[in-house]
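Subject: Handover of a structure

Dear colleague,

Please find below the structure that I am handing over to you.

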Amino acid sequence: MGFRCTCPGRRRQIILLRKGGIAEETRRFELKSHSFFLYPTYEHQREELLKEPYRPLVAQTLADEAAGGGGTVSLAVYAEATDDIEVRDLEQLELLYPFHIWSEQLAAERLRWKAKEPLHVLLLRVYVSEAGATIPVLPEYSGCRSWIELKDAPPEQQWKPVLSDSEFERRRSEILSALGS
């Protein structure tokens, strides 16, 4: 199982905000698996969608794509979702602003899109592998959706946590406390 995301494994955040993609089977986001590879994606990349300090990540992400192996992609980041929190109102979303890289405008826009559906806040325990695995990019991996079913799952490898247990728990607790959980 692969989860499509941008800038995985860079120690900047443990949070992903998801509403679901246009091509989702159910037209809404579902946590299909609590553990998954983070599949690098380059769709919808625009600097103004991120907070100012993170805008250079867009250029880096696009450069990484251009330098990539053409018909292959490297999977070197694995994640486990420890929490799936549903956010339904702007006040609750604003409490999360310090913990993610999205601009206020983008976060609010995502909350309003499909207004009856909650915005899912996933807290992720992220792992990296120096070896990684290179897999072919298949046409069914593209499109605006969260999940892809990997045809050739990467082989077993050793995964190293990006954050120590204590640092991860500190960040997780900080987010949950901000939400009053």
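Contact here means heavy atoms within 4.5 Å.

Please note that this is a predicted model, in which local features need pLDDT of at least 70 and side-chain atom pairs count only at pLDDT 80 or more, while totals for chains, interfaces and linings use all residues. Residues are numbered from 1 along each chain as its sequence is written, and side-chain values use heavy atoms, with hydrogens and water left out.

Overall architecture

The chain contains four helices and seven strands. Helices (H or I, at least four residues) and strands (E, at least two) are DSSP runs, numbered from the N terminus. Read from the N terminus, the order of the elements is β-β-β-α-β-α-α-β-β-β-α. Of the 181 residues in the chain, 43% count as buried. Buried means under 20% relative accessible area, exposed over 50%, and partly exposed in between (1.4 Å probe, protein chains only). The accessible surface of the chain comes to about 10000 Å², and 49% of this belongs to carbon and sulfur atoms. These areas come from the Shrake-Rupley method with a 1.4 Å probe; for residues, only the protein chains shown count as cover. Among the contacts in the chain with a separation of 6 or more, 84% are between residues 24 or more positions apart.

The nonpolar cores

A nonpolar core is a set of buried Ala, Val, Leu, Ile, Met, Phe, Trp, Tyr and Cys residues joined through side-chain atoms within 4.5 Å. The largest one has 38 residues, of which F36, L96, V121 and L124 touch the most other members. Two or more residues of this core come from each of β2, β3 (35-40), α1 (56-67), β4 (72-87), α3 (104-112), β5 and α4 (165-178). With six residues, β5 gives the most to this core. There is also a second, separate core of eight residues, which includes V73, L75, I148 and L150.

The strands

Two strands are said to pair if DSSP finds at least two bridges between them. Strand β5 (residues 119-136) runs antiparallel to β2, and four bridges join the two. Within this pairing, L17 stands opposite V121 of β5. β4 and β5 also pair in the antiparallel sense, over 14 bridges; here L75 has A133 in β5 as its bridge partner. β3 and β4 run antiparallel as well and are joined by three bridges, with E80 in β4 as the bridge partner of S35.

In a regular strand the side chains alternate between the two faces of the sheet. In β2 (residues 15-18), I15 and L17 point one way, L16 and R18 point the other way, and all are buried.

In α3, the residues L106, A107, A108 and L111 are buried. The buried residues of α3 pack against β4, α2 (90-95) and β5.

α4 has 14 residues and reaches 20 Å from its first C-alpha to its last, close to the 20 Å expected at 1.5 Å a residue. The expected span is 1.5 Å times one less than the number of residues in the helix. Its buried residues are F168, R171, I175 and L176. They lie on the same side of α4 because they cover an arc of only 130° around the axis, the arc being that of the directions from the helix axis to the C-beta atoms. What covers these buried residues includes β4 and β5. The face turned away from the buried side of α4 carries the exposed residues S166 and S177. After α4 comes G180, whose phi is positive, near 80°.

Two loop residues

Most residues other than glycine have a negative phi. K114, in the loop between α3 and β5, has a positive phi near 50°. K114 is partly exposed, with a relative accessible area of 23%.

E48 is placed in the loop between β3 and α1. E48 is partly exposed too, with a relative accessible area of 46%. Leaving aside neighbours within four places in sequence, E48 is in contact with R55 and S103. E48 and S103 are 55 residues apart in sequence, and 7.5 Å apart in space, C-alpha to C-alpha.

Yours sincerely
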